[in-house]
Amino acid sequence: MLFALGIASLFGSKLGGFLTDRFGTTRILIGSMVVQALSLGLVSAFSGYAIVVILLLMVWSIGAWMFGPTQNFNLLSIAPKASGIMLSLNSTFVQLGFAAGAGIGGIAVDGSSILAICWVGTVAVAVALLITFTLLRLTRSLSSERG
């Protein structure tokens with residue numbers, strides 16, 4: 001299982017870079033979050049079918065790892081002169097997110113079942129999508145006011 005997720009993460013990372021070059025950061029950031037949310041949501045629905053769950057977790061891993069290079073490219077394009085600090089801050093917040101996610105996941109499992117992690121993850125990605133759409137709308141409205 002870990003080998004399969006490792007292969008999926010490698011594929012996702014390469015795919016994220018390739019698709020970002022081809023379609024731009026916004027589409028790939030949003031697309032990767034949609035893939036993550038859908039695949040995590042479906043894991044609970046198909047929890048009785050091990051092969052399907054493994055495939056869905058591989059799809060989730062691809063989506064999750066597509067996000068990383070795309071986010072890094074996005075940060076570098078926003079502030080090229082401050083690339084070092086931007087990437088280090090991003091890495092710091094990713095690590096904080098891992099820690100918070102592990103804590104929240106532990107609480108969810110303790111209060112419910114292991115499948116609760118999928119729903120917590122789905123909600124977390126949905127919140128991230130909502131924040132992304134809000135920020136994109138705000139950025140566009142500020143750009144149109146300036147131009």
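Q: What makes a set of residues a nonpolar core?
A: The residues have to be buried ones of the Ala, Val, Leu, Ile, Met, Phe, Trp, Tyr and Cys kinds, joined through side-chain atoms within 4.5 Å. In this predicted model, the largest nonpolar core has 5 residues, namely Ile-30, Met-33, Ala-37, Val-125 and Leu-129.

Q: Which helices each supply at least two residues of this core?
A: Those are helix 2, running 25–45, and helix 5, running 116–146. Helix 2 gives the most, with 3 residues.

Q: Which residues is Ile-30 in contact with, leaving aside its neighbours within four places in sequence?
A: With those neighbours set aside, Ile-30 is in contact with Leu-129, Thr-132, Phe-133 and Leu-136. As background, nonpolar side chains tend to be buried together in soluble globular proteins.

Q: Why is Ser-44 called buried?
A: Buried means under 20% relative accessible area. Ser-44 comes in at 14%, so Ser-44 counts as buried. Its place is in helix 2.

Q: What makes the link between the side chains of Ser-44 and Trp-119 a polar contact?
A: The cut-off for a pair of N or O atoms is 3.5 Å, and one must be able to donate a hydrogen and the other to accept it. The two side chains are joined at 3.0 Å, so the pair falls within that limit. Trp-119 also turns up when you list what Ser-44 is in contact with beyond four places in sequence, along with Leu-115 and Cys-118.

Q: What does the secondary structure of the chain come to?
A: You get 5 helices and 0 strands. From the N terminus on, that reads α-α-α-α-α.

Q: Among contacts between residues at least 6 apart in sequence, how many join residues at least 24 apart?
A: It's 70% of them.

Q: What do the box, the buried share and the accessible surface of the chain come to?
A: The C-alpha atoms fill roughly 55 × 30 × 25 Å along the principal axes. Of the 147 residues, 27% are buried. The accessible surface is about 9500 Å², with 73% of that belonging to carbon and sulfur atoms.

Notes
Residues numbered from 1 in each chain as written. Predicted model: local features only at pLDDT ≥ 70, side-chain atom pairs only at ≥ 80, totals over all residues. Heavy atoms only, no water. Buried < 20%, exposed > 50% of the residue type's maximum accessible area, 1.4 Å probe, protein only. Helix = DSSP H or I, 4+ residues; strand = E, 2+ residues; numbered from the N terminus. Contact = heavy atoms within 4.5 Å. Areas by Shrake-Rupley, 256 points an atom, 1.4 Å probe, with all protein chains shown as cover.
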